[in-house]
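Here is a friendly walk through one model, written for someone who likes to know the cut-offs behind each term. Have the structure open as you read.

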Amino acid sequence: IKSARCDAFHLGFIANLCAEKGLWTFLDTVDRLQAIGHEVIATIAGPIEPADALLEKELEQRLRAMKNVSWLGEVHGRERTQFYLELDLLVFPTVYPNESEPLVILEALAHGVPVMTTPRGCIANSLADGNAVRVFPEANFVDAAVTAIDSDLKTIRPQSERKVLAKQHYHHLQGIGEKQFKVLIESVASY
């Protein structure tokens, strides 16, 4: 996954690939960033349902037309960890109707990767903090994300600081989860 050009900004997307998880919105975001002159590398990870040959064909066509974008397929274990470690930002513009609290957001934060996403499910209320996890409306996600990334890339704030903030936010969420779990266990035990 490692880029030959270490000065490029590396965006990632991981999901069971489908339009509802934000695949095309992710690629539109990458296209726009490259069109305004940013050196962006993008990596997609995740499987396509075997029955969805049309989606796979569309994705392959789109990737051929783009520069510096690759698709890894399904990743697990060390490959999944490596995927996250190479990223500067996870872009997860989901519009999946049954989205709740996506594991990929927590995985990204645990690896120190900030996230841009939509307010689906519990994302806006329980995961977003406006810094490590930024939420943009579905209707204008590409515009909002491109504006934010463009601004981020023009600031002097180092990427290492963003990674620290992402990990801190993950540990904060982990602490909340542990407290909630303890309360649940205590209430079940006293029942």
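## Strand 2, covered on both faces

Strand 2 (40–45) has cover on both of its faces: V40, A42 and I44 are buried on one side, and I41, T43 and A45 are buried on the other. That makes 6 of its 6 residues buried. Here buried means under 20% relative accessible area, exposed means over 50%, and partly exposed lies in between, with a 1.4 Å probe and protein chains only. In a regular strand the side chains alternate between the two faces of the sheet. Helices (H or I, at least four residues) and strands (E, at least two) are DSSP runs, numbered from the N terminus.

A word on the source: this is a predicted model, in which local features need pLDDT of at least 70 and side-chain atom pairs count only at pLDDT 80 or more, while totals for chains, interfaces and linings use all residues. Residues are numbered from 1 along each chain as its sequence is written, and side-chain values use heavy atoms, with hydrogens and water left out.

## The sheet around it

Which order do the strands follow? The open sheet has 6 strands in the order 3-2-1-4-5-6, with parallel pairing. Strand 3 and strand 6 (133–135) are at the edges with a single partner strand each, so one side of each has no neighbour in the sheet. On average, neighbouring strands are turned by 20° against each other, direction ignored. Two strands count as paired if DSSP finds at least two bridges between them.

Strand 1 (residues 9–14) runs parallel to strand 2 and is joined to it by 6 bridges, with G12 partnered by T43. Strand 1 also pairs with strand 4 in the parallel sense, over 2 bridges; there L11 stands opposite L89. Strand 4 (residues 89–92) in turn pairs with strand 5 (residues 115–117) over 3 bridges, again parallel. In that pairing V91 has M116 as its bridge partner, and F92 stands opposite T117. Strand 4 is also covered on both faces, with L89 and V91 buried on one side and L90 and F92 buried on the other.

Helix 2 lies across strand 2 and strand 3, and runs at about 150° to strand 3. For such angles, axes are lines fitted to C-alpha atoms, for helices over the stretch in contact, and the angle runs from 0 to 180 degrees between N-to-C directions. E60 sits in helix 2 and counts as partly exposed because its relative accessibility is 35%.

The loop between helix 2 (53–65) and strand 3 (69–71) holds N68. Most residues other than glycine have a negative phi. N68 has a positive phi, near 60°, and is not a glycine. At 31% relative accessibility, N68 is partly exposed.

## F141 in helix 6

Is F141 buried or exposed? F141 belongs to helix 6 (residues 141–154), and with 1% relative accessibility it counts as buried. Apart from neighbours within four places in sequence, F141 is in contact (heavy atoms within 4.5 Å) with T25, T29, V91, P93, M116, T117, T118 and F136. F141 and A128 are 13 residues apart in sequence, and their C-alpha atoms are 15 Å apart in space.

## Two pockets

Rolling a probe the size of a water molecule over the atoms shows where empty space is left. A pocket is an open set of points on a 1 Å grid over the protein atoms alone where a 1.4 Å probe fits, with protein on both sides within 12 Å along at least five of seven lines; lining residues have an atom within 4 Å of a point. Grid points are joined across faces, edges and corners, and a volume is the space filled by probe spheres set on the points.

The largest pocket holds about 230 Å³ of space. It is lined by 16 residues, of which I14, A15, N16, R80 and V104 are the closest to its centre. The second largest pocket holds about 170 Å³. Its lining includes E101, L106, Y170 and Q180, and helix 7 (159–189) is one of the elements that give two or more residues to it. Helix 7 gives the most, with 6 residues.
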